[in-house]
Amino acid sequence: QVQLVESGGGLVQAGDSLRLSCAASGRTFSLYAMGWFRQAPGKEHEFVSTISRSGGTTYYVDSVEGRFTISRDNAKNTVYLQMNSLKPEDTAVYYCAADFQGRPDQTPSTKWPEYEYWGQGTQVTVSS
């Protein structure tokens with residue numbers, strides 16, 4: 001089992017920044033790709049970003065490319081999502097997720113169902 005706890009959400013204005021954190025406990029953190037997904041009211045889960053086990057590979061959804069940065073600190077069992085230039089359309093509950101990677105060079109998934117563990121989510125609200 002992997003337990004994930006997100007933090008760092010809040011209410012901000014358009015153009016502001018937030019940094020989300022996701023602390024993991026349980027299994028060996030460095031064996032998992034870590035992803036961020038979000039869910040806005042009335043919508044399905046949307047992929048935001050993912051990072052490979054080592055941190056060497058990252059992917060972003062087009063709508064956040066250049067504004068969000070994912071990173072991880074395997075020594076602290078934590079993954080981060082730095083969100084800059086926030087827009088009202090970024091408003092959602094943000095979830096971190098863990099996906100076991102059997103090989104160090106395995107490509108991290110962008111698909112929500114392929115992640116085995118999920119946090120409880122943190123609300124991000126961006127006002128215009």
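Let's start at Ala24, which sits in strand 3, residues 18-26. Strands here are DSSP E runs of at least two residues, numbered from the N terminus. A word on the source: this is a predicted model, where local features need pLDDT of at least 70, side-chain atom pairs count only at pLDDT 80 or more, and totals for chains, interfaces and linings use all residues. Residues are numbered from 1 along each chain as its sequence is written, and side-chain values use heavy atoms, with hydrogens and water left out.

Is Ala24 buried or exposed? Buried, because its relative accessible area is 12%; the cut-off for buried is under 20%, with exposed over 50% and partly exposed in between, using a 1.4 Å probe and protein chains only. Beyond neighbours within four places in sequence, Ala24 contacts Val2, Gln3, Leu4, Phe29 and Asn77. Contact means heavy atoms within 4.5 Å.

Now the disulfide. The rule is a pair of cysteine sulfur atoms within 2.5 Å, and it gives one. Cys22 and Cys96 form it, sulfurs 1.9 Å apart. The pair links distant parts of the chain: Cys22 is in strand 3, Cys96 in strand 9 (residues 92-100), 74 residues apart. Both Cys22 and Cys96 are buried. The S-S torsion is about 40°, so this disulfide is right-handed.

Four strands form an open sheet, order 1-3-8-7, paired antiparallel. Pairing requires at least two DSSP bridges between two strands. Strand 1 (2-7) and strand 7 (68-73) are at the edges with a single partner strand each, so one side of each has no neighbour in the sheet. Six bridges join strand 1 to strand 3.
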